[in-house]
Amino acid sequence: MIAVNMLLFAFVTALVAVRWLPRSRWVFQAPLLGIAAWYAALSTVLTAIVVVGFGILLPSSSPAPIVCDVLLWCFHAMAGSPGLGVKVIAYAFAGAVLGALGTCLVRAARAGAVQRRGRRRHAEMLTLVGRPDRRLGGTVIDHPDPAAYVFPGRRCRLVVTSGALARLSDVQLAAVVAHEHAHVDGRHQVLLDTVRLLRLALPRMAVMTRVEQQIARLVELRADDVAARRHTRGDLADALVAMATRPGRGLVPQDVVAGTGGDALERLHRLLEPPRPLRGTTTAGIAVTVATIPLVPFVLVALCLLLPPLFACVTVG
Amino acid sequence: MRGFGELEAAVMDRLWAREAPTSVREVWEGLQERDLAYNTVLTVIDNLYKKGWLARERHGRAFLYAPVASRSDYGAQLMREAMAESGDPAAALLGFVNQLSEEEGEALRKALRSARRREPR
């Protein structure tokens with residue numbers, strides 16, 4: 001079992017993703033490819049952890065508990081065959097892994113239930129409070145602040161405030177609607193929700209917050225790109241500024257101010273000076289890499305099972 | 001089980017329009033053009049009360065119902081939920097753009113103005 005190599009590969013993948021993707025030029029040029037890259041990194045890490053976890057939990061045929069591959073300390077303790085002490089520690093470790101896995105699953109389930117309840121309440125509120133607008137193809141909420149969003153569900157609802165309708169010209173509104181429809185067509189809510197639930201399932205880690213922010217950033221860039229196919233970037237830019245700035249003094253929720261200004265500025269610059277699209281060969285190369293990396297853990301397992309002599313020289317100890 | 005819908009919205013409309021605690025009968029009378037049974041309206045109002053959208057007070061033998069909050073209060077809450085970041089159950093909805101602070105908004109406007117000035121047309 002090449003547990004250490006797999007975990008090392010997962011760690012390196014995660015490190016490269018977190019260090020490189022947020023600043024990459026190619027991600028800025030092709031946000032959809034960037035989203036795929038993030039997901040490839042996430043699935044690689046998850047697969048590696050799950051595979052190693054299974055290896056630790058399942059009884060193995062080899063004399064040494066697989067946990068010894070992960071905990072290199074017992075490498076020496078096994079000069080002959082594993083003693084009672086090693087076995088006890090191995091079982092304890094397996095118990096800890098099972099406990100951690102179970103905790104994550106419970107947290108994910110709870111977070112999912114809370115989200116579903118919250119969204120159901122929000123949907124009911126929308127039905128009661130909003131006014132359907134057939135020409136717009138969505139629901140209007142009477143509110144002075146300009147805002148527009150899509151609400152996920154069996155029928156994705158476009159929601160626009162009266163403040164937005166007042167501030168935007170017809171073409172600007174059409175551009176905003178196109179942007180929101182791009183979110184629906186691209187299933188961006190699912191992409192975002194998956195990462196969010198993963199973050200909530202795991203113990204609090206700054207890196208997972210970063211990943212969620214990056215997915216949110218890329219999803220907006222992608223929707224801008226899609227909307228720009230049918231509407232001018234100038235209209236999108238005007239709409240962006242009109243929607244992000246308030247006409248007068250109003251309530252700004254405290255938690256909204258942090259971290260969103262940078263995104264709006266980046267989007268504006270990107271709309272006004274769009275980056276050159278990636279060359280076909282570059283896109284192909286990145287796509288192939290992104291598709292291949294999540295397969296590595298499976299390849300390692302296959303090698304382990306099919307070619308024991310080979311794996312004997314690539315394992316540690 | 002019927003989904004939450006248009007009838008509930010119509011009932012809330014009437015109750016908001018009334019601006020005073022209202023009986024089921026008065027709501028039913030206001031919805032005459034829909035040709036609804038009294039019991040239907042009663043069920044809807046009772047459900048809305050059970051779900052926390054309405055408050056009620058006894059008035060003789062009947063109950064009078066009123067919305068718990070105004071329409072604009074709920075509108076503001078919807079905006080907060082849609083636009084707020086993590087921590088909120090309905091959070092992470094895909095809005096067009098979040099509202100910025102005064103300084104960030106000014107920076108955004110300035111960026112747009114200088115870009116427009118650079119354009120030849």
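This is a predicted model: local features need pLDDT of at least 70, side-chain atom pairs count only at pLDDT 80 or more; totals for chains, interfaces and linings use all residues.
**View 1. The contact between chain B and chain A.** Chain A contributes 63 residues to the contact, and chain B contributes 49 residues. The size of an interface is often given as the accessible area lost when the parts come together. Here chain B and chain A bury about 5,000 Å² between them. Carbon and sulfur atoms account for 66% of that area. Three residues, B:Leu94, B:Phe96 and B:Gln99, supply 20% of the area that chain B buries against chain A, more than any other three residues.

**View 2. Polar contacts and the side of chain B that touches chain A.** There are 10 residue pairs in polar contact across the interface of chain B and chain A, with both residues at pLDDT 80 or more. On chain B, the elements that give two or more residues to the side touching chain A are helix H1 (6-18), helix H4 (71-83), strand E4 (94-95) and helix H5 (102-118). By residue type, this side of chain B divides into 27 nonpolar, 10 polar and 12 charged residues.

**View 3. A salt bridge between the chains.** The interface of chain B and chain A has 2 salt bridges. One of them joins B:Lys51 to A:Glu124. The closest N and O atoms of B:Lys51 and A:Glu124 are 3.4 Å apart.

View 4. Strand E3 of chain A, residues 148-151, pairs with E4(B) in the antiparallel sense. The pairing of strand E3 of chain A with E4(B) runs over 2 bridges. In E4(B), B:Gly95 stands opposite A:Tyr149.

Note on methods
Residues are numbered from 1 along each chain as its sequence is written. Chains are lettered from A and ligands numbered from 1 in the order in which they are written. Side-chain values use heavy atoms; hydrogens and water are left out. Contact means heavy atoms within 4.5 Å. Buried area is the accessible area (1.4 Å probe) that two parts lose on being put together, summed over both. A salt bridge is a side-chain nitrogen of Lys or Arg within 4 Å of a carboxyl oxygen of Asp or Glu. A polar contact is a pair of N or O atoms within 3.5 Å; within protein, one must be able to donate a hydrogen and the other to accept it, and residues adjacent in sequence count only if both atoms are side-chain atoms. Helices (H or I, at least four residues) and strands (E, at least two) are DSSP runs, numbered from the N terminus. Ala, Val, Leu, Ile, Met, Phe, Trp, Tyr, Cys and Pro count as nonpolar, Asp, Glu, Lys and Arg as charged, and the others, Gly among them, as polar. Two strands pair if DSSP finds at least two bridges between them.
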